[in-house]
Amino acid sequence: MITIAPTQPVLIAGPTASGKSALALHIAKTLGGVVVNADALQVFDGWRILTARPDDDELSQADHALYGHVQFDAPYSTGQWLRDVRPYLDGAVRPIIVGGTGLNFAALTQGLADIPPTPDQVRSDGNAMTLGAMLDRLDQRTKDRIDIQNRMRVQRAWEVLTATGRPLADWQDATPPPLVDIKSAAAITLDVPTDWLNDRIVRRLHLMLDAGAVEEADAMLPTWDPANQSSKAIGAPEMIAHLKGDITLKEAKARAVIASRQYAKRQRTWFRSKHNSWVKLDISSTDLSTAIS
């Protein structure tokens with residue numbers, strides 16, 4: 001059992017479909033607090049179902065913040081997220097910060113360099129480049145610190161280097177103090193069995209389809225732009241491809257499952273290497289009512 005002090009902030013990280021939101025909601029309802037989003041894609045409007053943002057029933061059970069507050073075609077950085085999350089750390093209400101984006105938690109608990117905004121032209125140039133071309137420009141120290149299979153992270157590093165002339169690693173080495181001291185927080189990483197998670201991923205996709213994922217994609221089709229950050233939502237490119245007649249719905253579902261499992265694998269690798277000081281919790285065999293007090 002994990003014991004949480006009355007005013008202690010809570011951090012909940014874990015791979016996609018691992019049950020993070022359910023745990024956060026349980027803590028908010030039983031111990032009090034506001035559920036604050038730390039997922040890089042749930043901040044955008046438009047893709048509510050495919051990014052697994054809380055539904056109306058969940059929103060009615062506890063206060064939530066930083067979900068769907070960014071326009072779907074707008075850029076949004078970790079630095080912007082830190083500025084948005086800061087007001088929820090003032091101690092008035094317990095923040096329960098939850099998400100699967102490791103970089104957000106790293107910035108929150110380790111600090112983030114104050115890098116100037118990326119010019120639009122630099123971002124446009126990056127959008128047109130291949131992952132390999134951008135990686136070729138990066139220094140080894142920077143590549144050692146990012147997920148080199150994650151285009152968003154690689155492009156961010158390339159943009160920083162191109163716009164400022166300094167590698168991302170140099171900026172990171174000049175990092176200010178973190179907003180949250182990891183030692184003062186109840187920091188929980190959901191570490192669940194792979195087979196259990198893979199099954200959850202399939203079942204969650206079916207639930208998303210039942211909830212209207214295809215219809216959601218159809219509503220986004222007229223403004224679809226794969227260069228938008230929000231377009232990286234797993235399942236979005238696949239559903240759009242289906243609606244354009246490029247693939248069948250069956251194939252779209254299969255591709256979405258594969259993409260989600262690959263993403264979950266990268267997340268597990270990140271958290272297991274970076275969250276050594278976090279409490280590990282396997283909720284696949286744990287009743288939420290007895291996991292937290």
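**Close-up A. Lys 274 meets Trp 270.** In this predicted model, the charged end of Lys 274 sits over the ring of Trp 270, 5.2 Å from its centre. A charge counts as over a ring if NZ of Lys or CZ of Arg is within 6 Å of the ring centre and within 35 degrees of the ring normal. Arg 166 does likewise with Trp 171, lying over the face of that ring at 4.2 Å from the centre. A word on conventions: residues are numbered from 1 along each chain as its sequence is written, and side-chain values use heavy atoms, with hydrogens and water left out. Because this is a predicted model, local features need pLDDT of at least 70 and side-chain atom pairs count only at pLDDT 80 or more, while totals for chains, interfaces and linings use all residues.

**Close-up B. Aromatic pairs.** The structure holds three aromatic pairs (ring centres of Phe, Tyr and Trp, the last by its six-membered ring, within 6.5 Å; planes under 30 degrees apart are stacked, over 60 edge-to-face, the rest tilted). One of them joins Phe 44 and Tyr 76 edge-to-face, 6.4 Å centre to centre with 75 degrees between the planes. Phe 44 lies in the loop between strand 2 (34-37) and helix 2 (56-61) and Tyr 76 in the loop between strand 3 (64-65) and helix 3 (78-85), so the pair ties together parts 32 residues apart in sequence. Helices (H or I, at least four residues) and strands (E, at least two) are DSSP runs, numbered from the N terminus. Phe 44 is buried at a relative accessible area of 1%, and Tyr 76 is buried at 11% (buried: under 20% relative accessible area, 1.4 Å probe, protein chains only).

**Close-up C. Phe 105 and Trp 278.** This edge-to-face aromatic pair has its centres 5.4 Å apart and its planes at 85 degrees. Phe 105 is in helix 4 (residues 102-110) and Trp 278 in the loop between helix 13 and strand 6 (279-281), 173 residues apart. Both residues are buried.

**Close-up D. The largest nonpolar core.** This core has 46 residues, and those with the most contacts inside it include Leu 11, Trp 47 and Ile 97. A nonpolar core is a set of buried Ala, Val, Leu, Ile, Met, Phe, Trp, Tyr and Cys residues joined through side-chain atoms within 4.5 Å. Helix 13 gives the largest share, five residues.

**Close-up E. Helix 12.** Among the buried residues of helix 12 (residues 236-243) are Met 239 and Ile 240. Just after the helix, Gly 245 takes a positive phi of about 85 degrees.

Technical notes
Buried means under 20% relative accessible area, exposed over 50%, partly exposed in between (1.4 Å probe, protein chains only).
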